[in-house]
Amino acid sequence: MNSTGGPMSGEGEHKDGEELRWLDEQEKAAWTGLISLVLLLPSKLESPLRQEHGLTLFEYLVLSHLSEAPQRKLRMGELAFLASGSLPRLSNVVKRCEQRDWVVRTPDPGDGRYTLAELTDAGFDIVRLAAPTHLRSVRRIVLDSLNTTDQKALARIAQKLRTVSDGFG
């Protein structure tokens with residue numbers, strides 16, 4: 001074990017015989033930083049959206065991506081990918097948005113096996129109202145603390161770690 005003495009520091013073999021590669025100090029710092037971002041950042045970005053607009057961060061991302069899509073329409077699978085969520089989670093959110101008259105779902109006329117989500121005028125209005133709140137949070141919580149080099153590094157790292165879907169369903 002190294003000087004930290006924790007369960008993720010030391011030497012040994014995994015039960016399948018694979019040699020364990022414990023984290024060195026630099027790796028541990030990188031991992032701790034990443035997991036803190038993953039676990040803490042979403043709630044910090046969501047809080048102002050909830051307080052001011054009654055939106056979760058995921059709802060805002062769904063509506064925002066639809067607002068930027070051609071004709072404000074996307075296939076559900078593509079929308080799930082863009083919003084970084086699963087199709088079941090997206091379906092639940094879109095159902096709630098439909099109940100608020102922000103989104104409608106229709107079969108894709110080009111291929112009826114797919115479903116399109118379309119942002120309504122009321123949905124576009126809520127995005128337009130919530131966008132400044134979200135932008136202020138993104139700048140205050142993330143971007144203003146980073147210089148151009150840091151922003152480029154973050155984008156490069158995010159791209160390297162991104163899980164890419166096999167396709168949009």
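**Overall make-up**

The structure is a predicted model. Its protein chain holds 6 helices and 3 strands. Read from the N terminus, the elements follow the order α-α-β-α-α-β-β-α-α. The chain has 169 residues, and 27% of them count as buried. Taking contacts in the protein chain between residues at least 6 apart in sequence, 50% join residues at least 24 apart.

**The sheet**

The 3 strands form an open sheet in the order β1-β3-β2, and their pairing is antiparallel. β1 (73-75) and β2 (103-107) are the edge strands, each pairing on one side only. From one strand to the next, the twist averages 25°. Helix α2 packs on this sheet and touches β1, β2 and β3. The direction of α2 makes about 90° with that of β3.

Strands of a sheet pair through backbone hydrogen bonds, in either a parallel or an antiparallel sense. In this model, β1 pairs with β3 (residues 115-119) in the antiparallel sense over 3 bridges. Lys-73 stands opposite Glu-118 in β3. On the other pairing, 5 bridges join β2 to β3, and these two strands also run antiparallel. There, Thr-106 has Leu-116 in β3 as its bridge partner.

**The largest pocket**

What volume does the largest pocket have? The value is about 1,700 Å³. The lining of this pocket consists of 39 residues. Those that lie nearest the pocket centre are Leu-37, Val-38, Leu-41, Ser-84 and Ala-158. By type, the lining residues divide into 26 nonpolar, 9 polar and 4 charged.

Several helices take part in the lining. At least two residues each come from α1 (25-53), α2 (57-68), α3 (76-82), α5 (121-141) and α6 (148-161). Which of the elements gives the most to the lining? That is α1, with 10 residues.

Most residues other than glycine have a negative phi. Ser-84 sits in the loop between α3 and α4 (87-99), and it is one of the residues nearest the centre of the largest pocket. Asp-101 is not a glycine and has a positive phi of about 65°. Its place is the loop between α4 and β2.

Are these two residues buried or exposed? Ser-84 has a relative accessible area of 60%, which is over 50%, so Ser-84 counts as exposed. Asp-101 has a value of 54%, again over 50%, and therefore counts as exposed.

**Thr-56 and Leu-57**

Thr-56 is found in the loop between α1 and α2, whereas Leu-57 is found in helix α2. Thr-56 has a relative accessible area of 13%; this is under 20%, so Thr-56 counts as buried. Leu-57 has 12% relative accessibility and is therefore buried by that cut-off.

Which residues does Thr-56 contact, leaving aside its neighbours within four places in sequence? They are Glu-46, Leu-49 and Arg-50. With sequence neighbours within four places again left aside, Leu-57 is in contact with Pro-42, Leu-45, Glu-46, Leu-49 and His-134. Leu-57 and Ser-43 are 14 residues apart in sequence, and their C-alpha atoms are 8.1 Å apart in space.

| Residue | Relative accessibility | Class |
|---|---|---|
| Ser-84 | 60% | exposed |
| Asp-101 | 54% | exposed |
| Thr-56 | 13% | buried |
| Leu-57 | 12% | buried |

Key: Residues numbered from 1 in each chain as written. Predicted model: local features only at pLDDT ≥ 70, side-chain atom pairs only at ≥ 80, totals over all residues. Heavy atoms only, no water. 1 Å grid on protein atoms, 1.4 Å probe; cavity = no way out; pocket = protein on both sides within 12 Å on 5 of 7 lines; lining within 4 Å. Points joined across faces, edges and corners; volume = space filled by probe spheres on them. Helix = DSSP H or I, 4+ residues; strand = E, 2+ residues; numbered from the N terminus. Nonpolar A, V, L, I, M, F, W, Y, C, P; charged D, E, K, R; others polar. Pairing = 2+ DSSP bridges. Axes fitted to C-alpha atoms, helices over the stretch in contact; angles between N-to-C directions. Contact = heavy atoms within 4.5 Å. Buried < 20%, exposed > 50% of the residue type's maximum accessible area, 1.4 Å probe, protein only.
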